[in-house]
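This report describes the architecture of one protein chain. The sequence and structure are shown first, and the description follows.

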Amino acid sequence: MDANVRALIDQFGVTNETLRFLEQPKRMFIDGQFIDGNHQMARVEDPSTGGQLAEIPLGTADDVDVAVAAAKHAMKRGEWSKFTPRDREQVLRRIAELIRKNAQTLAEIESLDSGKAITGCKNVDINVGANTFEYFAGWATKIQGATRETSFPIECVTYTRKEPVGVVGAIVPWNWPFAMAVWKLAAPLAVGCSVVLKPAELTSLSMLYLMELCVEAGLPRGAINIVTGKGSVVGNHMVAHPDVAKVSFTGSTPVGKMVGAAAVNNVAHMTLELGGKSPMVAFEDADIDAVARATLNSVYFNAGQVCSAGSRLYVHRSRYDEAVEKVKAIAESIKLAPSLDPTGVMGPVISAGQRNSIMGYIDQGITQGAKLITGGSPLDGAGHFIQPTLFADCTNDMTIVQEEIFGPVLVMAPFDTEEEAMTLANDSIFGLAASIWTQDLSRAHRLIPQMDAGSVWVNIHDPGDPAMPFGGFKQSGIGNDLGPEQLEHFLETKGVWIKV
Ligand code: NAD
């Protein structure tokens, strides 16, 4: 690491375990081992300082081939294939325990790597990881087929078996490097699949640390393999690999379309968790203080780099001015700080490129006539910080209302009728999530079916629980992560007939 990162660490302190991990050379994890190779290395940046945090190996197509072969062997003939459901449950529980035991270290690695504010990172991201392993551990012993009565007298005993689909090729983005990757690992492992996972090239470190914990937990070789590197090389080769039976992708909609096309070409199963532009709709009877506070968690959490961010806020005209004032006060109260500062609420965005992209959207918003209420500027100095930004009086034809900005930028607009609110909320290519704010439960029940969104929340935005499925409608994706629904994506159903 360079002097800037060292100074940040000296200022806030990290565990000895974090230092040990950061200072050792980073290696990919294939077939139960951290592998040495003559890999080209890529610089990993700390977004808070712009300094060099580490280097990661850039994997190749050959690395993917070796990893897929190891994963295939593990689930067909290796030790992993011999793990009973109870063994799988126990190893997943041990991984969860080790995540909790090492939560501080994991949070430090993750926040340095991604820029996430450490307190939120530990309480949310790392906790989500442990909860997810625990939840799916419970499912390992509960996978079951069914016996069937045939409709005609053919004298057969018939039943169905649920079998693991095969090797899973998982690809994740940089905005939730740890939590999204665990979402891709826990369910397939519970049902007996093996996984080859590619982290985002900007944020691979927490997965490499997790592999140390998986070895300690006794996960057999080949069950998880981590190939670091570029999407255009590692990701591209993985999704086209004939031995990858299931592609489980989280990322942007444009890349998801390419990934989906490659999976179709191999007739592989696929789950696509893609982008969003999720609306929050507040009616005249809404608790506007609660709506304003919710923006902390909806659009300003993780500097707005959240797929389900409530990045559009529609408010009934009778409460609109009040809502603009209250959201403005919340946005202006947010403390921007380097990732390791435990009092920080918002850290930097992931990279200079992301900051420039967000600033481009902000400029476009101003040009297209949106009213800038607060924020709108990057911070001077090192690191990629952007002020929490609020635009009011937006219209649905504006780019900032239609496109996923993936930054701390909220757009607001008023509405007059329930029908208009639904039209505005659903006027998007995306359909990931939506929240409705009202005291009228009849209205809430009436509108929930009308929302084009994979998750609908009432009087809250983006609660999370591994028992609840998460997935997108429209161009926000295909399939679900989490919940019992996710298990089905990693299972084949075999029909069995026995003549008696
Ligand atoms: P991205 O699509 O650029 O990259 C995602 C992953 O795909 C990375 O690991 C990348 O290396 C890889 N990749 C890139 N090109 C590839 C290719 N040709 N073949 C295979 N893999 C390739 O997305 P990002 O910028 O890392 O993440 C932000 C996006 O992710 C946003 O759109 C956000 O909404 C979305 N996201 C969605 C969810 C969800 O659950 N729906 C969750 C988090 C993030």
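## A strand pair in a mixed sheet

Alanine 434 stands opposite valine 456 in S19. The pairing to which these residues belong is that of strand S18 (residues 433–437) with S19, which is parallel and extends over four bridges. Strands count as paired if DSSP finds at least two bridges between them; the strands (E, at least two residues) and helices (H or I, at least four) are DSSP runs numbered from the N terminus. The model is predicted: local features need pLDDT of at least 70, and side-chain atom pairs count only at pLDDT 80 or more, whereas totals for chains, interfaces and linings use all residues. Residues are numbered from 1 along each chain as its sequence is written, and side-chain values use heavy atoms, with hydrogens and water left out.

S18 and S19 belong to an open sheet of seven strands with mixed pairing, in the order S14-S15-S16-S13-S12-S18-S19. Its edges are formed by strand S14 (371–374) and strand S19 (455–458), each of which pairs on one side only. On average, neighbouring strands of this sheet are turned by 20° against each other, direction ignored; axes are lines fitted to C-alpha atoms, for helices over the stretch in contact, and angles run from 0 to 180 degrees between N-to-C directions.

Seven of the seven residues of S16 are buried, so the strand is largely enclosed by the rest of the structure. Buried means under 20% relative accessible area, exposed over 50%, and partly exposed in between (1.4 Å probe, protein chains only). In a regular strand the side chains alternate between the two faces of the sheet. Both faces of S16 are covered, with Val409, Val411, Ala413 and Phe415 buried on one side and Leu410, Met412 and Pro414 buried on the other.

S16 runs parallel to S13, to which five bridges join it; valine 411 of S16 is the bridge partner of arginine 312. Strand S15 (residues 389–392) is also parallel to S16, through three bridges, and threonine 389 has valine 409 of S16 as its bridge partner. Helix H16 (residues 418–426) lies across strand S12 (278–282), strand S13 (310–316) and strand S16 (409–415), and runs at about 150° to S16.

## The three-stranded sheet

A further open sheet has three strands in the order S5-S6-S22, with antiparallel pairing. Strand S5 (147–148) and strand S22 (491–499) are at the edges with a single partner strand each, so one side of each has no neighbour in the sheet. Nine bridges link strand S6 (residues 156–164) and S22 in the antiparallel sense. Glutamate 163 has glutamate 492 of S22 as its bridge partner.

## Helix H11

Helix H11 (residues 253–265) contains 13 residues and spans 18 Å from its first C-alpha to its last, close to the 18 Å expected at 1.5 Å a residue; the expected span is 1.5 Å times one less than the number of residues. Its buried residues are Thr253, Gly256, Val259, Gly260, Ala262 and Ala263. These residues pack against helix H10 (231–239), strand S10 (246–250), strand S11 (269–273) and strand S17 (430–431), where contact means heavy atoms within 4.5 Å. Just after H11, valine 267 adopts a positive phi of about 50°.

## Alanine 170

Alanine 170 is located in strand S7 (residues 168–171) and is buried, with a relative accessible area of 0%. Apart from neighbours within four places in sequence, alanine 170 contacts Lys184, Val195, Val196, Leu197, Lys198, Met238 and Ser248. The C-alpha atoms of alanine 170 and methionine 270 are separated by 9.8 Å, although these residues lie 100 residues apart along the chain.

## Domains and nonpolar cores

The chain is divided into domain 1 (3–274 + 478–495) and domain 2 (279–466), with bounds that come from an automatic or database domain assignment. The domain centres, taken over C-alpha atoms, are 30 Å apart, and 35 residues of domain 1 contact 28 residues of domain 2.

The largest nonpolar core has 81 residues, with Ile99, Phe133 and Leu210 making the most contacts inside it. Such a core is a set of buried Ala, Val, Leu, Ile, Met, Phe, Trp, Tyr and Cys residues joined through side-chain atoms within 4.5 Å. Helix H8 (residues 177–191) supplies the largest share of this core, 12 residues, and the core draws at least three residues from each of domain 1 and domain 2. Leucine 210 touches Ile95, Ile99, Phe133, Phe178, Val182 and Leu185, not counting residues up to four places away in sequence. A second, separate core of 55 residues includes Val315, Ala323, Val324 and Ala370.
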